[in-house]
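This report walks through a two-chain complex, beginning with the fold of one chain and moving on to its contact with the other. Please keep the sequence and the structure in view while reading.

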Amino acid sequence: MDDDPEDIELEAELRQAAELLDPVPARLLRDAAQAYTFRTIDAELAELTFDSLAAEELVRGSDRPRLLTFQASTRTIEVEVAGAGDDRRLIGTISPAEPIPIDVRSRERVTTVTADELGRFQTGAGLGAGPYSLRCGDVVTDWFSA
Amino acid sequence: MRVPSGKAAVRTDDTGALVRAAARGDSEAWEALVGRFSGLVWSVARARGLGAAEAEDVFQTAWFRLAEHIGRIKDPEQVGAWLATTARNESLKVLRTGQRATPTSDMDMLTPGIDEESPEQAVLESEEAALKRERARRLWQTFQELPERCRELLRALIASPPPSYAEIAVAFDMPIGSIGPTRARCLKQLRELLAERGITGRPGHS
């Protein structure tokens, strides 16, 4: 890069200002380190293949619930994020349908719910702070924020 | 964090080696990645004016995703670009829900903790340090007035430690060759704004 020395100086000064006025919060560094302890090595990762927030031309401030689809080779998991804050809950369907337990993982705790004969499941409130990930048998979904 | 016995921690500048070591279970390698790329992820999360709470969600989601993907990253050398892209995509999703920080709340962020400062501390802070802080605050305030495209690119470029142009090019979906010229144009614009507001030179240089 053939950089203008003035540019280099201004950029360095901006970087200092950012470090002073908008640093990475220390708590977030701990969260990032903690994320590693959540990784699963004995499950297939179901990747996010549909996200209503990414797909639609949403009107700003639209309050339609967010819909997510995760796809693994053996299973599809669809999730709707309803409510907000402490009242946030997840409603979803697994296919193929099977009455099996589903672990809802958050940063704070794991909540286990059971799908019904049609593969439907629903959590109560009190999931803890996001992001979230679901584990269903040998499939685990990507993390998603709410 | 302790490394399990019998496993040597990777101490290297080689990003790809850190990713591969973390994928094998080396938690020190993971922490090295956190140290190296947290600044970039945070900068990208804040680049489009997301409020602190939304930017925190974006930051956490990017790192939790990486933890699950660590053994599946196609190009371990470019994990910084992977993280930055994930953070940018997530922040664009949040923007679509209309949860952008208002200018007011951004201004609030410019004077963090000012009320917590005791008179004793205020006296202890040297005049020079106070000038420096005031200058940083005015610089930062002027920076917020740049057009969105400039603010976004520069905010990411001034992450600590500084990201590579390759990482920025991938995250912002820009040709790598256009980053340098865009950066120069944006810095020029900032310099003009600073001049208009009578903010020139470094403290002590003016």
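What percentage of the 206 residues of chain B count as buried? The share is 35%, where a residue is buried if 20 or more other C-beta atoms lie within 10 Å of its own, exposed if 12 or fewer, and partly exposed in between, with C-beta atoms placed from the backbone.

This is a predicted model, in which local features need pLDDT of at least 70 and side-chain atom pairs count only at pLDDT 80 or more, while totals for chains, interfaces and linings use all residues. Residues are numbered from 1 along each chain as its sequence is written, and chains are lettered from A, with ligands numbered from 1, in the order in which they are written.

**Confidence**

The predictor gives the complex an ipTM of 0.91 and a pTM of 0.87. For chain B the average pLDDT (the predictor's confidence in each residue, from 0 to 100) is 84, and 78% of the residues score at least 70.

| Stretch of chain B | pLDDT | Contacts in the model |
|---|---|---|
| Residues 1-8 | under 50 | eight contacts beyond four places in sequence |
| Residues 101-116 | below 50 | 15 contacts beyond near neighbours in sequence |

**Fold of chain B**

Chain B has 10 helices and zero strands, where helices (H or I, at least four residues) and strands (E, at least two) are DSSP runs numbered from the N terminus. Among contacts in chain B between residues at least 6 apart in sequence, 70% join residues at least 24 apart.

In helix 1 (residues 15-23) of chain B, the residues B:L18, B:V19, B:A21 and B:A22 are buried. Seen down the axis of this helix, its buried residues fall within an arc of 165 degrees (the arc being that of the directions from the helix axis to the C-beta atoms), so they line one face of the helix. These buried residues pack against helix 2 and helix 4 of chain B. After helix 1 of chain B comes B:G25, whose phi is positive, near 110 degrees.

**Contact between the chains**

Chain B contributes 44 residues to the contact and chain A contributes 39 residues. Helix 3 of chain B gives the most to the side of chain B that touches chain A, with 11 residues. By class, this side has 22 nonpolar, nine polar and 13 charged residues; Ala, Val, Leu, Ile, Met, Phe, Trp, Tyr, Cys and Pro count as nonpolar, Asp, Glu, Lys and Arg as charged, and the others, Gly among them, as polar.

Helix 1 (residues 5-21) of chain A packs with helix 7 of chain B at an angle of about 100 degrees, their axes being 9 Å apart. That makes the two helices roughly perpendicular, a label for angles of 65 to 115 degrees, whereas those under 35 count as roughly parallel, those over 145 as roughly antiparallel and the rest as oblique. Axes are lines fitted to C-alpha atoms, for helices over the stretch in contact, and angles run from 0 to 180 degrees between N-to-C directions. From helix 1 of chain A, residues including A:L14, A:A17 and A:L21 meet residues of helix 7 of chain B, among them B:A136, B:W140 and B:F143.

B:S160 is found in the loop between helix 8 and helix 9 (165-171) of chain B. Leaving aside its neighbours within four places in sequence, B:S160 is in contact with A:R15, A:E19 and B:G39. With 16 other C-beta atoms within 10 Å, B:S160 is partly exposed.

Definitions and conventions:
Two residues are in contact if their C-beta atoms, placed from the backbone, lie within 7 Å.
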